[in-house]
Amino acid sequence: MPETELIQFSGIAIVLLLVAFYGGTFVVSLLIGKKEENADGYMTAGNKVGFGISAASMTATWIWAASMYASATSGYTYGISGPIHYGLWGALMILFIYPFGRRIRAVAPRAHTLAEVMYARHGRSSQLMLAGSNVVGSLISLMSNLIAGGVLISLLSPFNFIQSVFAIAGGVLLYTLWSGFRASVLTDFVQVLGMLGVVAVLLPIIFFAAGFPAAFESGAGNLTAQQSNFFSSDAFLNQGAPYIAAVLAYAIGNQTIAQRLFAVREDLIKPTFITATIGYGAMVIGVGMLGVLALYLDVDLLNGDPNNLIPQMAALFLPIGLLAIFVLMIIGALSSTADSDLAALSSIAMADFYGQTVGKENAKPKTMLLIGRITMVVATAVSVAFASMGLSILDLLVFVGALWGALVFPVIASFYWDKVTNKAFTVAVIAAVAVFLPVRFSWISMDGLVGPIFDIISVVGIGVVLGLMAFGFFGLRVGKIVGVAAALISAPFSIGFLHDYATLSGSLVTYAVSTAVCYLMSARSTDSFDFALIRQRVGDFDETEDLDDELARFDEIDPDPLAGGR
Amino acid sequence: METFLLTAYVLMWPVLVALVLFVITRAFLREWAQSRREGRPII
């Protein structure tokens, strides 16, 4: 396969592309802009967004630049099953949160952030743990998207990396700043139309232009046995399994999902999240197939960098006009996530750092809005600064992922079990992170009995993960049965070797320790929390509403949380 | 046969994407039309 010389757009062409894209999204945001924005609307758009916009927004938000690049890299590295082990489990992060989402909305129908609900449930320390992890996660996500945009534009144009980062950051801030979450959600719809439309049309074009399906036969020799095996154990253990373990952690820890959970009309939660699951999965796996095609074609990666794979494949097989549209698709993907991160950060600042500090009754909506907008500007500046410095964020990302994993059981249990205390919550999270670090970074030797002991803890973690997933859909009894069965079945296959996979072991021990500590401390508690208090403590900050909005308000549902079947 | 299966495996995803796009677009247009009838903003 000859080496690729990537097409370069002229400076004028890239500027026109970016102006068309960001100018267009700015006009869309102007259409819904209000002279006096409502503070709650700025955060959750009135809690009654329809299915079309919600599903589109959820899909667009969850598809970020890394989704596509990582899926294609997974296809190129692990072969035909690679994109599945990235896209499928990533899609399930959306799906598995929705049954818990219905309970969360029933308990706190007017909440803006999960951390806000944790404050009402437990108090400050729980809230700050969750809010803090949300902030770091969103900043990392924002930074990653700016870096991805910077790399893409600098690769395909005369502009350098820093100029490109500024262009992307400025464009996103321009259309998100005034109307916040409402602008983010509506522009997500426009962006997802473009993203899904491009994938539906351009992927088949690339497929046939690259000489497929004939190339499946001529290129079969370029794949190893593992890469050509749909049931590759290599792909599962190195890509799929760690991602499965992260499913609930990312769903709980990411404010962009929670924000949409609170925004969508309550009876539309299920169809919204199911549609977003399918949309995200199909799009990301589809783009990941570019990596598989590149493997069959024996494409040499430009500069040896797998992040160049997607632009390379597009540049090799698309005419320049379609290539420009493909570039816009990637910019759309990273912008839709970036604007969601800005909206998430502003809502945390508004609700958690300002609103809960001064109290709901004393919060001033105008001050709240100002804080939200300032947060967006500061977050953008910080992300641009870190992106420009080229700092490695991998370790920080690993730490935040661990914190989210440690939060999963305490957060979910707090919505169902009246005995969970603030102390149990806090100690469980700290203990879990303390155990995670030495396992994940191999600070301790796994020789002798140490490895199998951690394997046993990991097996408990497997039970916790699968048990929680089953609990969400089928209730407590089924959750317990699935959890115990999963642990027992996986034990013979895991004990003795799982500790060789530090990433996977780290995640699983985190779940196990946080669950065990939280459960044991809470079971001894004599407290019994009244969940009705949450609805009283968490509500709107800005009571000014349009009459039209009031006419469209719907009643909330109140499901029995521990009954089977959802 | 294997070529056929691999082709179906790769091309099924853009088809699924097109289906989701149709569902979302149809729902959005209905919501937009309803909001116009009721004289309120769509979001």
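1. Starting inside chain A: 31 residues of domain 1 of chain A are in contact with 30 residues of domain 2 of chain A. Keep in mind as you read on that this is a predicted model.

2. On the side of domain 1 of chain A that touches domain 2 of chain A, at least two residues each come from α6 (98-107), α7 (114-121), α8 (124-156) and α12 (233-253) of chain A. The largest share belongs to α12(A), with ten residues.

3. Now the chain-to-chain contact. Chain A brings 35 residues to it and chain B brings 22 residues. On the side of chain A that touches chain B, α3 (51-62), α10 (181-209), α11 (214-218), α14 (269-297) and α24 (547-551) of chain A each supply at least two residues.

4. Which helix gives the largest share of the side of chain A that touches chain B? That would be α10(A), with twelve residues.

5. And how do the residues of the side of chain A that touches chain B divide by class? There are 25 nonpolar, six polar and four charged residues on that side of chain A.

Definitions and conventions:
Residues numbered from 1 in each chain as written. Chains lettered and ligands numbered in written order. Predicted model: local features only at pLDDT ≥ 70, side-chain atom pairs only at ≥ 80, totals over all residues. Contact = placed C-beta atoms within 7 Å. Helix = DSSP H or I, 4+ residues; strand = E, 2+ residues; numbered from the N terminus. Nonpolar A, V, L, I, M, F, W, Y, C, P; charged D, E, K, R; others polar.
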